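These are notes for a colleague who is opening this entry for the first time. Please read them beside the sequence and the structure.

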Amino acid sequence: MKKNKNQTKENREEIEVENENDELEQRKIRSDFGVHIEEAMGEYCSSYECVVSDEHDIGMLWSFLIDDSISGFVGIEDNEEGLGIETVTIGIHLKEISDFDRDELMGILELNSELINACFTVAHIQEKVEEEPEPVFAEEGESIEYEDNEQDSEDEEITNTKEILLIQCKIPLSAFDASDFSGVVQNLMMQSDFALNQNTEELE
């Protein structure tokens with residue numbers, strides 16, 4: 001009986017060591033990803049900025065600008081509550097659709113069935129004076145509200161709420177190569193242009 005207890009203790013210790021090793025390996029993968037994705041953005045984008053880091057100061061979410069006019073984001077999601085597979089999400093902010101009616105919005109979201117490994121989604125953004133919204137992740141067809149967890153000072157004033165159309169894709173982190181970043185962005189922009197232009201022609 002005593003031997004069994006010792007074996008159980010040893011098994012627990014082995015599991016703990018394996019978990020620690022797995023965590024260190026994942027941390028290294030994320031760190032390497034951060035280095036490589038910043039190199040890729042540095043070559044392709046006008047500018048970029050890491051906007052969210054984890055507790056180890058490893059980058060998790062970046063915003064970027066292309067030609068100083070096209071904004072987007074790239075980041076890592078652990079998806080612990082879902083499949084548990086870490087993914088890379090790349091998204092492009094397309095245009096404001098605050099004045100679109102329900103039929104127009106549903107018409108755009110229905111185009112998701114025509115996209116390849118991508119989806120349109122809508123973000124509800126509460127804008128403050130002289131403050132830009134941060135990018136967030138969204139599931140297909142999901143509407144998201146940007147939340148500011150910091151207390152607003154008395155001098156800050158919420159101006160209005162905008163609805164922004166996004167196109168984004170998710171790729172398993174293990175299968176993503178940072179050198180593909182520009183190609184993924186170009187593919188998203190090409191698919192969004194084709195789908196939205198086609199939708200406009202059909203409405204006309």
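1. Cysteines. A disulfide is a pair of cysteine sulfur atoms within 2.5 Å. The sulfur of cysteine 119 has its closest cysteine sulfur in cysteine 169, 8.7 Å away, which is too far for a bond. The structure as a whole holds 0 disulfides. Cysteine 119 is buried, with a relative accessible area of 7%, whereas cysteine 50 is partly exposed at 29%.

2. Confidence. The model is predicted. The protein chain has an average pLDDT of 82, and 70% of the residues score at least 70. Confidence is highest in strand β2 (residues 59-66), with a mean of 95, and lowest in strand β6 (residues 143-145), with a mean of 58.

3. Strands β3 and β4. Strand β3 (residues 70-77) pairs with β4 in the antiparallel sense, over 6 bridges. Within this pairing, valine 74 stands opposite isoleucine 90 of β4. Strand β4 (residues 87-96) has 7 of its 10 residues buried, so the rest of the structure largely encloses it.

4. Glycine 75. This residue belongs to strand β3. Its relative accessibility is 0%, so glycine 75 counts as buried. The C-alpha atom of glycine 75 is 9.8 Å from that of phenylalanine 33, a residue 42 places away along the chain.

5. Glutamate 86. Where does glutamate 86 lie? It is in the loop between β3 and β4. Glutamate 86 is buried, its relative accessible area being 11%. Apart from neighbours within four places in sequence, the residues in contact with glutamate 86 include Gln26, Arg30, Ile76, Ile171 and Leu173.

6. Salt bridges. A search of the whole structure finds 3 salt bridges. In one of them the side chains of glutamate 86 and arginine 30 meet, at 2.2 Å from N to O.

7. A salt bridge between two strands. Lysine 170 and glutamate 77 form a salt bridge whose closest N and O atoms are 2.5 Å apart. Lysine 170 lies in strand β7 (residues 158-172) and glutamate 77 in strand β3, so the pair ties together parts 93 residues apart in sequence. Lysine 170 is partly exposed, with a relative accessible area of 31%, while glutamate 77 is buried at 14%.

8. A salt bridge within a helix. Lysine 28 pairs with aspartate 32, the closest N and O atoms lying 2.8 Å apart. Both are in helix α1 (residues 2-44), and because they are 4 residues apart, about one helical turn separates them. Lysine 28 is partly exposed at 48% relative accessible area, and aspartate 32 is partly exposed at 30%.

9. Aromatic rings. The structure holds 4 aromatic pairs. One of them is the edge-to-face pair of phenylalanine 64 and phenylalanine 181, 5.3 Å centre to centre with 85 degrees between the planes. Phenylalanine 64 is in strand β2 and phenylalanine 181 in helix α3 (residues 181-203), so this pair links parts of the chain 117 residues apart. Phenylalanine 64 is buried at 3% relative accessibility, and phenylalanine 181 is buried at 1%. Phe33, Trp62 and Phe176 form one aromatic cluster.

Key:
Residues numbered from 1 in each chain as written. Predicted model: local features only at pLDDT ≥ 70, side-chain atom pairs only at ≥ 80, totals over all residues. Heavy atoms only, no water. Buried < 20%, exposed > 50% of the residue type's maximum accessible area, 1.4 Å probe, protein only. Pairing = 2+ DSSP bridges. pLDDT = per-residue confidence, 0-100. Contact = heavy atoms within 4.5 Å. Phe/Tyr/Trp six-rings, centres within 6.5 Å; stacked < 30°, edge-to-face > 60°. Salt bridge = Lys/Arg side-chain N within 4 Å of Asp/Glu carboxyl O.
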